[in-house]
Amino acid sequence: MNRADYENALHNQCMSIPELCEAQISGVLKGIEDSIPAEKMKNIRRVIFTGCGDSYFAGSVAVPAFKKFAGQFASDFSCERCIDVSRFIEIEESNAQSTLVIGISASGSPARVKEALLRARSYGCMTLALTNNAQSDAAKAAEFSLIVNTPAFATPNPGLRNYYASLIGLTMFGAYLGECKGISPAGTMEKLADAIRTYTKSYADILPELDEKMFEMAAAWKEYNVVDTIADDINASTAKFIGAKFVEVTGAMYCYNDSEDWCHVNYFSHQPEKIGTIVIADKFDNNRTRIGETIHQAAGIGRPVFLISNGTQKDFGADENITELTVPCAPKGYEFLLPLLNYLPGAILASYVSELIGEPYFRAGKGHWGEEGIGTIKTSQVVII
């Protein structure tokens, strides 16, 4: 088979990331300049990130960056489910003025993100829409917007470039908050930008080889209609993102679990030889031994295991018959950037599987997916509670 015959929208987005890097950093810096004035940033003590789907995963990645750059003076940073922020989380009006709610959505169109921002604003919180659409519902619902200014792309869906943009936007905004509050020195944003450039360049160097390996793997993975992803801590976002791409472009059923719960639950699933199992791990993390045990359990019952890590399975104490791919480490001092790019192998694999099985993205609006009134992402009723 000729690999070039199976290139597609998701694949092309993955391969475009190195070229996107500089323009995306510039776009985010411009967006930050036009977002919340520095004087208003000084009063922020609590930040709540929220979003739906990929945007929620991005919010989870942002928490360590905010802790690093702005984590002093009893500050609190958390990523919460959009339905929780819009319907369940209690917002104390006495603390509202020092609380910033960031609604993340590249398109700015999901009703729940709009609802979360409107609810937070009604309680007196400062609100920010992190989006690529200045005219979106989310941007209009928030007091301020950070427009990430992602350059147009011929085939923008599914939104992998938008995910990269959201991650850069959030981490850079964390550095901006730190500078505004005097917790991080002037120039912190530019040093972070340099780390992003360095890290992205390290992926540019391996992308051709990575691409070839994922194409070879796809011949076997096209037979799996279930994908299990396993990861801990901030790598959970990568695991969930890869799983989401498999659903969107192949229609496969997917499940995410951390390394501990997987050993308690998904370990017992029927037909293990038909469940593609992706483990995402950091060789420097405190969970190394548990990751190794999880690999041993999965391989031991006949699961096809694919390890994506900045090391090898031996770094986790495992020595199993699995497929592994070593990806670059994040720059020293910026270890929280690891999830900025370690989803690329899984996304490329999903893209090739989609082509090999002839499955259209998002089911192409056919069957029940094309029936009017069933999908409610954009049309769900907005209720301010």
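**Salt bridges and cysteines in the predicted model**

Glu-39 sits out in the open, exposed at a relative accessible area of 56% (exposed means over 50%, buried under 20%, and partly exposed in between, using a 1.4 Å probe and protein chains only). This is a predicted model, with local features needing pLDDT of at least 70 and side-chain atom pairs counting only at pLDDT 80 or more, while totals for chains, interfaces and linings use all residues. Residues are numbered from 1 along each chain as its sequence is written, and side-chain values use heavy atoms, with hydrogens and water left out.

Glu-39 pairs up with Lys-42 in a salt bridge, 3.0 Å from N to O (a salt bridge puts a side-chain nitrogen of Lys or Arg within 4 Å of a carboxyl oxygen of Asp or Glu). Lys-42 itself is partly exposed, at 36%. The structure has 17 salt bridges. Another one links Lys-30 to Asp-34, with the closest N and O atoms 3.3 Å apart; Lys-30 is partly exposed at 48%, and Asp-34 is partly exposed at 48%. Glu-359 and Arg-363 also form a salt bridge, with closest N and O atoms 2.7 Å apart. Here Glu-359 is partly exposed at 24%, whereas Arg-363 is buried at 12%. Elsewhere, salt bridges with shared partners tie Glu-22, Glu-190, Asp-194 and Arg-197 into one network.

As for disulfides (pairs of cysteine sulfur atoms within 2.5 Å), the count is zero. Cys-79 is in no disulfide, and the nearest cysteine sulfur, in Cys-82, lies 9.5 Å away. Cys-79 is buried, at 14% relative accessibility. Cys-255 is partly exposed at 31%, and its sulfur is too far from the closest cysteine sulfur for a bond, because Cys-263 holds that sulfur 13 Å away.
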